[in-house]
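Biologist: I would like to learn how to read helix packing and nonpolar cores in a model. Could you take me through it, one feature at a time?

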Amino acid sequence: LGVRALSSGPHADINVLIMGPPGGGKGTISKRLKKDFGFTHLSSGDMLRAQVEKDTPLGREAIKYMSNGDLVPDDVMSNLVMAELSHHSGRVLLDGFPRTLNQTLELEGKVHIDMVLNLDVPSEEIVERISDRWIHAHSGRVYSYSFNPPAREGLDDETGEPLIRREDDEPAKVRHRLDDYDHLTRPLLSHFADLGILHTFDGENYPELVRQNRRSDAIYTDLKPLVKARLDRLP
């Protein structure tokens, strides 16, 4: 079943992809879109981590790739995401999928894609930021000692539980993921541009925010009005 066949929510159906290199701020922007416009945010990374935490067969298969910073195979990801999509309708924001041409073709065969938001963030900026990233495992809350430190070192603000750094957040593994993205996923941008649905944001219209390590704020300043205008045109 495609997403459109299941609509029953208060908003007209629109399916939006958010793309960009791993660690480029997709999660941050997605949370803002969810808050401001009522999107349902479906993150392929969150789906995978949930499967790993539950120690499901899919999770055990996926961790073999994730622990090395490799992309999970197309068939595993496609099955997971398509199953999740079938439960949602209305304003859907898909984050982290598709990552390959095969995944793209399978998605387009089942779901109409209305809009693609591409975050264009420099690789070395991502490496520096991710290697400074600490996570509260159960909630997914993210901290950085450079610009968003926890109130108490090493502890989650809400629960007081220990923070961890994911094994795949080591700099060498981050660079490996960025190389995979450049090879497999970046070419998809041309495909979406040809369809006339690609919109790219780099934050450079607001250099002061970028200098303050607030590129996501700079990007969202441009991205938000474009999304609002697109939603305002829906019937």
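**Helix packing and cores**

Modeller: Let us begin with a pair of helices: helix 4 passes helix 5 in a right-handed crossing. A crossing is right-handed if the near helix is turned clockwise from the far one by less than a right angle, and left-handed if anticlockwise. Helices (H or I, at least four residues) and strands (E, at least two) are DSSP runs, numbered from the N terminus. This is a predicted model: local features need pLDDT of at least 70, side-chain atom pairs count only at pLDDT 80 or more, and totals for chains, interfaces and linings use all residues. Residues are numbered from 1 along each chain as its sequence is written, and side-chain values use heavy atoms, leaving out hydrogens and water.

Biologist: At what angle do helix 4 and helix 5 cross?

Modeller: Axes are lines fitted to C-alpha atoms, for helices over the stretch in contact, with angles from 0 to 180 degrees between N-to-C directions. Here helix 4 (residues 74-85) and helix 5 (residues 101-110) have axes that come within 10 Å and cross at roughly 25°. Angles under 35 degrees count as roughly parallel, over 145 as roughly antiparallel, 65 to 115 as roughly perpendicular and the rest as oblique. Helix 4 and helix 5 are therefore roughly parallel to each other.

Biologist: Which residues of helix 4 and helix 5 make the contact?

Modeller: Contact means heavy atoms within 4.5 Å. Helix 4 brings Asp-74, Met-77, Ser-78, Met-82 and Leu-85, while helix 5 brings Asn-102, Gln-103, Glu-106, Leu-107 and Lys-110.

Biologist: And which residues touch the most other members of the largest nonpolar core?

Modeller: A nonpolar core is a set of buried Ala, Val, Leu, Ile, Met, Phe, Trp, Tyr and Cys residues joined through side-chain atoms within 4.5 Å. Buried means under 20% relative accessible area, exposed over 50%, partly exposed in between (1.4 Å probe, protein chains only). In the largest core, of 26 residues, they are Leu-17, Leu-85, Leu-94, Leu-107 and Phe-192. Helix 4 gives the most to this core, with 6 residues.

Biologist: What does Leu-94 touch?

Modeller: Not counting residues up to four places away in sequence, Leu-94 touches Val-16, Leu-17, Ile-18, Leu-42, Val-81, Leu-85 and Leu-107.

Biologist: Is Ala-62 buried or exposed?

Modeller: Ala-62, in helix 3, is buried, with a relative accessible area of 0%. Beyond its neighbours within four places in sequence, Ala-62 is in contact with Leu-48 and Val-72.
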